[in-house]
Amino acid sequence: MSRLLLTGNYAAAYAVRDAEPDVISAYPITPQTPVIEKIADFIDGGELNAKFVRVESEHSAMAALIGAAGVGARTYTATSSQGLFYMYEVIWWASGARLPIVMGVVMRALGPPWSIWSEHTDFYALRDSGWNMLVASSAQEVYDFTLLSYRVAEDTSVLLPTVVGWDAFEVSHTYEPVELVEKSKVKGFLPAKGSWKPPLDAQDPASLGNLAYPEEYIRIRHEMRKATERALGVIEAALKHFSIVSGRQYSFFECRHCEDADTIFVVQGSIYGEVLKAVEELRSEGVKTGVMKLWLYRPFPYKAVSRALEGAKRVVVLARSSVFGSFSPLGADVSSAINLSGGDQKVFDVVLGVGGVDVKSSDIVSIYRMVASGGERTFWWVR
Amino acid sequence: MAHKVFPREEYLLKGHAACPGCGATLLLRHVLKTLGPDTYLVIPACCTSVIAGPHPRSAFKVPVLHIAFAASAAAASGMSEALEKLGKKGNVVVWAGDGGTVDIGLQALSGAAERGNNIIYICYDNEAYMNTGIQKSGSTPYKAWTTTTPTGNPGHKKDVPSIMAAHGIPYVATINPAYPNDIAAKLKKASNMHGLKYIHAFSPCPPGWRYDPALTVKIARLAVETGIWILYEVENGVFRLTGPSARLIEKRNRRPVEEYLKLQGRFSHLSKEDIEAIQSSVDQRWEEIASLVKQ
């Protein structure tokens with residue numbers, strides 16, 4: 001098993017190399033560019049036998065993959081922020097067409113004003129699209145989750161595209177040791193090429209995306225919903241298999257110090273480290289806090305999430321997303337999960353770290369003191 | 001003579017949802033007969049999205065990818081690359097309207113042309129957004145009535161075949177449903193070339209152009225005979241007039257453009273001066289053609 005020093009972006013490129021897609025299509029945007037540059041190096045250096053369609057926009061990047069996956073190709077693209085939004089229309093086309101496309105999103109704030117730094121607003125905008133959505137908080141997770149994405153997307157009981165998000169710079173450009181999975185083991189972990197039947201085949205002609213009258217439309221969309229429900233079980237089985245091939249254990253989320261915690265923070269992405277540090281500082285003062293790193297965002301594992309939060313009095317969602325006039329998507333999801341499971345914990349919805357603002361453990365400690373004294377239930381944390 | 005050129009096999013099936021007299025359907029029938037069963041159609045939002053018929057049925061005996069309005073050339077790029085990588089054969093054909101080509105789809109088309117993706121891109125040009133109810137597009141002719149140009153289009157039709165030729169792609173051609181043998185010859189040629197081949201098709205539309213559906217072929221023929229629609233091809237940069245257009249450089253061989261305009265309700269409000277202006281722009285275009293042919 002080889003161990004390399006990689007950025008999050010390079011980790012994505014290595015996972016793509018190891019998953020051996022047939023067609024890559026991408027358009028450059030900061031801070032995604034090292035992903036596609038590294039993939040181009042792998043192709044030109046003969047380490048990856050794939051076609052690279054160097055498109056003129058993100059809209060075309062996703063459209064090209066829809067065409068490619070439609071005839072059975074394994075595919076990959078990566079983008080960020082404005083690029084993701086330019087692609088938005090066809091992102092929904094990919095999931096509606098049930099094509100197992102895999103995408104990386106380097107999560108970055110949206111303009112204006114221009115910002116190239118980390119924020120999850122772009123990523124959360126995909127939450128209703130039917131894509132499976134995973135959030136990596138380290139280069140290792142970027143590598144692992146990208147491989148996992150192909151396994152889940154191409155499962156014939158799922159057949160939905162899958163996206164992995166990771167923070168701009170904090171993950172995308174930060175070098176960390178990453179353990180790769182041996183090529184032969186990756187082959188065994190991923191579905192065999194051609195194990196799913198492509199919808200478009202001249203030997204067996206059919207139409208993909210034909211006009212559907214209302215009764216047909218709701219039936220087709222309901223099938224998609226059922227696929228997302230099945231995806232949870234598929235992910236669970238895939239994670240078991242992955243622990244055998246990689247030695248790394250994952251469940252839908254990672255909970256630290258949650259067992260006896262009165263207050264549990266729920267977070268996604270790279271701020272997890274600072275939140276964990278704050279939890280440990282508070283514990284040293286005798287304050288029982290815990291942290292849940294929720295990397296699986298869609299399908300939202302709401303039953304498991306609410307079970308894990310059962311013992312707490314307070315749940316504090318720390319969302320790195322701009323939201324105006326309502327709750328953060330993550331806050332709303334966690335709150336609904338608790339409500340639908342009959343929980344009565346007090347949920348706090350806190351927006352922080354927007355536009356790449358550094359989040360320190362001291363911020364988290366301050367936020368804890370505010371909520372512990374019964375402050376506002378939903379607010380932005382701005383220093 | 002058409003029966004010798006085209007196989008009996010139909011790929012556009014009975015029961016499709018096109019309007020009576022639809023020029024696009026007539027074109028597509030002959031295109032598919034020429035290209036045969038190993039053809040993948042990529043269709044953005046356009047009349048043919050409806051003509052295909054509702055799910056789970058399809059009026060086409062070839063695989064069809066329906067795709068978002070601006071996305072067809074890019075989807076076809078990915079598809080042709082994938083087929084090559086997977087070792088599968090097939091013609092990847094975009095079948096798009098004028099709105100999906102000259103307006104919202106132009107960027108993706110230009111990108112695919114520059115990359116040289118192996119696609120036949122066919123624009124069936126009915127000169128407005130017909131599927132949404134006759135709104136003006138970048139391909140609507142000067143002075144034509146549409147629902148968004150109720151007193152006539154003040155702009156001029158965008159010359160997209162010339163834009164495509166300027167990309168230096170291997171093949172650009174125009175076709176017309178009144179000349180099926182010309183369609184077959186050009187599509188055969190295109191299918192034997194590598195890269196992006198661009199075909200611009202004249203596509204009469206009875207409800208949009210306000211004429212009797214029985215007149216589709218007559219209007220299509222008059223478009224060529226008056227010289228307002230020119231049949232040509234640009235093969236590896238070399239321009240050549242084809243079919244009846246080849247003998248129309250002399251003005252006396254061309255019918256007055258009024259014969260074409262007067263059959264269509266969309267031009268019924270035109271003044272004598274409007275018609276003269278259109279005639280003189282046609283004549284000017286032919287002077288440009290004459291200099292192209294002489295070179």
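**Exercise 1. Find how many bridges join strand β9 of chain A to β2(B), and trace the sheet that contains them.**

Step 1. Two bridges link strand β9 (residues 207–208) of chain A with β2(B), and the two strands run parallel. Strands here are DSSP runs of E with at least two residues, helices are DSSP runs of H or I with at least four residues, and both are numbered from the N terminus. Two strands pair if DSSP finds at least two bridges between them.

The model is predicted: local features need pLDDT of at least 70, side-chain atom pairs count only at pLDDT 80 or more, and totals for chains, interfaces and linings use all residues. Residues are numbered from 1 along each chain as its sequence is written, and chains are lettered from A and ligands numbered from 1 in the order in which they are written.

Step 2. Opposite A:Leu208 stands B:Leu65 in β2(B).

Step 3. The open sheet has nine strands with mixed pairing, in the order β9(A)-β2(B)-β1(B)-β3(B)-β4(B)-β6(B)-β5(B)-β7(B)-β8(B). At its edges stand β9 of chain A and β8 (238–241) of chain B, each with a single partner strand, so one side of each has no neighbour in the sheet.

Step 4. Within this order, strand β4 (residues 119–125) of chain B and strand β6 (residues 196–202) of chain B run parallel and are joined by seven bridges. B:Tyr124 faces B:Ala201 of β6(B) there.

**Exercise 2. Describe the side of chain B that touches chain A.**

Step 1. Contact means that C-beta atoms, placed from the backbone, lie within 7 Å. By this rule, 37 residues of chain A are in contact with 38 residues of chain B.

Step 2. On chain B, at least two residues each come from β1 (39–43), α3 (47–51), β2 (64–66), α4 (72–86) and α6 (106–115). The most come from α4(B), with 11 residues.

Step 3. By class, this side of chain B has 23 nonpolar, nine polar and six charged residues. Ala, Val, Leu, Ile, Met, Phe, Trp, Tyr, Cys and Pro count as nonpolar, Asp, Glu, Lys and Arg as charged, and the others, Gly among them, as polar.

**Exercise 3. Decide which way the residues of β5(A) point, and list its partner strands.**

Step 1. Strand β5 (residues 102–107) of chain A has six of its six residues buried (20 or more other C-beta atoms within 10 Å of a residue's own, C-beta atoms being placed from the backbone). A:Val102, A:Gly104 and A:Val106 point one way, and A:Met103, A:Val105 and A:Met107 the other.

Step 2. Strand β4 (residues 75–79) of chain A runs parallel to β5(A), with four bridges between them; A:Thr79 is opposite A:Val105.

Step 3. β7(A) also pairs with β5(A) in the parallel sense, over six bridges, and A:Met107 is opposite A:Asp167.

Step 4. Strand β7 (residues 162–167) of chain A also runs parallel to β6(A), through five bridges, where A:Met133 has A:Val163 as its bridge partner. In strand β6 (residues 132–136) of chain A, five of five residues are buried.

**Exercise 4. State which residues of α1(A) meet α7(A).**

Step 1. In α1(A), the residues are A:Gly8, A:Ala11, A:Ala12, A:Tyr14, A:Ala15, A:Val16, A:Asp18 and A:Ala19. Their counterparts in α7(A) are A:Ala139, A:Val142, A:Tyr143, A:Thr146, A:Leu147 and A:Tyr150.

Step 2. The residues of this contact divide into 11 nonpolar, two polar and one charged.

How values were computed:
Contact = placed C-beta atoms within 7 Å. Buried ≥ 20, exposed ≤ 12 C-beta atoms within 10 Å, placed from the backbone.
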